[in-house]
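Please read the points below alongside the model.

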Amino acid sequence: MGKLQSKIALITGGNSGIGLATAEEFVAEGAYLYITGRRPKQLDAAVARIGRNVTGIQGDVANLADLDRLYAQIEKEKGRLDVVFANAGIGNQVAPLGSITEEQFDLTFDINVRGLLFTVQKALPLMQKGGSILLNSSTASVKGVPAVSVYSASKAAVRSLARCWTSDVKDRGIRVNVIAPGYAETPIFETLDWPKERFQAVKAGITPTIPLGRWGHRRKRPPRLLSSWLRMTPAMWQALSFTWMGELFQFDA
Ligand SMILES: NC(=O)c1ccc[n+]([C@@H]2O[C@H](COP(=O)([O-])OP(=O)(O)OC[C@H]3O[C@@H](n4cnc5c(N)ncnc54)[C@H](OP(=O)(O)O)[C@@H]3O)[C@@H](O)[C@H]2O)c1
């Protein structure tokens, strides 16, 4: 029996990167899954790729009306939610101190913090005892990378929210945990709008700082549907399936 047999799960930002890889794994483990994202074409492609037991609902996590519509549909169709992976996020608003704009700050915090907060808060009425909330932070939250302060601070906020939420929902038997991935080769880096050479140079500088000396990536020929970011898998299952509460699972390779 799969680890998520009969569970109803939601992954925000499930149409790409880490969210999509996790989505494939959740369905392989028996979940019925809802995925979201702003881009309808990518959402349809992800639903087709996952192939079964999945519904795509277009929406922006920074738009509270979209979140209301999302949960209204889940409630109507399934009546409950067992697992929420609040994964949607952006990382393209980079600028060193001195040239950070109000727009960059607002956009990053609107999606990575405000959007994540209301994703979770609005899910709560659908969640019951045994429910599991997993938040996607980043190892950036504790690093000091040039020009990435706003993104890093948004991910530190995610960790902080989880600590307090653990206390807020513990009496309901709902667990909150955080995963903090290290660098993984996903489309998030394409959104930086940098010339290829600049990205390659930055990447070459980052790689030696990763303990395993390489970026996380999707396996070309997975033995089964085990996602990419293979090192994420044990951490994710720990966070989801056992008794951990308020933990941070960091995997930096
Ligand atoms: N890749 C890394 O090295 C790394 C490391 C640590 C943490 N992370 C975190 O992992 C998460 C996923 O990132 P990724 O690397 O997999 O990048 P990705 O492939 O670009 O995925 C980001 C996902 O978030 C969705 N999204 C972004 N803004 C949204 C919004 N306002 N409303 C709804 N969905 C939104 C995107 O879909 P749409 O564009 O269609 O909305 C997409 O599905 C992010 O929170 C990121 O910060 C990534």
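1. The model under discussion is predicted. Its secondary structure amounts to seven helices and seven strands. Read from the N terminus, the elements follow the order β-α-β-α-β-α-β-α-β-α-β-α-α-β.

2. The chain has 253 residues, of which 40% count as buried. Among contacts with a separation of 6 or more, 67% are between residues 24 or more positions apart.

3. Two packed helices are described by the angle between their axes and the distance between the axes. For helix α4 (residues 102-123) and helix α5 (residues 149-169), the axes come within 9 Å and the crossing angle is roughly 20°. Angles under 35 degrees count as roughly parallel, and α4 and α5 are therefore roughly parallel to each other. The crossing of α4 past α5 is right-handed.

4. Which residues make the contact between α4 and α5? From α4 come Q104, F105, T108, F109, N112, V113, L116 and L117, while α5 supplies V150, Y151, S154, K155, A157, V158 and L161. By class, the residues of this contact of α4 with α5 comprise ten nonpolar, four polar and one charged.

5. Helix α4 also meets helix α3 (residues 64-77): the axes of α3 and α4 come within 10 Å and cross at roughly 35°. Here too a right-handed crossing is found, with α3 passing α4. On the α3 side the contact involves L64, L67, D68 and Y71, and on the α4 side F118, T119, K122 and A123. The contact of α3 with α4 consists of five nonpolar, one polar and two charged residues.

6. The ligand is surrounded by 30 residues, the closest being G13, G17, R38, G89 and I188. The shell around the ligand divides into 16 polar, eleven nonpolar and three charged residues.

7. Which elements each supply at least two residues of the shell around the ligand? They are α1 (17-28), β2 (32-37) and α4. Of the elements, α1 gives the most to this shell, with three residues.

8. Residue P187 is placed in the loop between β6 (175-181) and α6 (196-206). Is P187 buried or exposed? P187 counts as exposed, because it has 11 C-beta neighbours inside 10 Å, and a residue with 12 or fewer is classed in this way. Leaving aside residues up to four places away in sequence, P187 touches S16 and G17. The C-alpha atoms of P187 and I18 are separated by 9.5 Å, although these two residues are 169 residues apart along the chain.

9. Residue S6 has a phi near 70°, which is a positive value in a residue other than glycine. S6 lies in the segment before β1 (8-11), and S6 is exposed, since 10 other C-beta atoms lie within 10 Å.

10. Residue A147 likewise has a positive phi, near 70°, and is a residue other than glycine. A147 belongs to the loop between β5 (127-136) and α5. With 15 other C-beta atoms within 10 Å, A147 is partly exposed.

Terms used. Residues are numbered from 1 along each chain as its sequence is written. This is a predicted model: local features need pLDDT of at least 70, side-chain atom pairs count only at pLDDT 80 or more; totals for chains, interfaces and linings use all residues. Axes are lines fitted to C-alpha atoms, for helices over the stretch in contact, and angles run from 0 to 180 degrees between N-to-C directions. Helices (H or I, at least four residues) and strands (E, at least two) are DSSP runs, numbered from the N terminus. Angles under 35 degrees count as roughly parallel, over 145 as roughly antiparallel, 65 to 115 as roughly perpendicular and the rest as oblique. A crossing is left-handed if the near helix is turned anticlockwise from the far one by less than a right angle, and right-handed if clockwise. Two residues are in contact if their C-beta atoms, placed from the backbone, lie within 7 Å. Ala, Val, Leu, Ile, Met, Phe, Trp, Tyr, Cys and Pro count as nonpolar, Asp, Glu, Lys and Arg as charged, and the others, Gly among them, as polar. A residue is near a molecule or strand if its C-beta atom, placed from the backbone, lies within 6 Å of it. A residue is buried if 20 or more other C-beta atoms lie within 10 Å of its own, exposed if 12 or fewer, and partly exposed in between; C-beta atoms are placed from the backbone.
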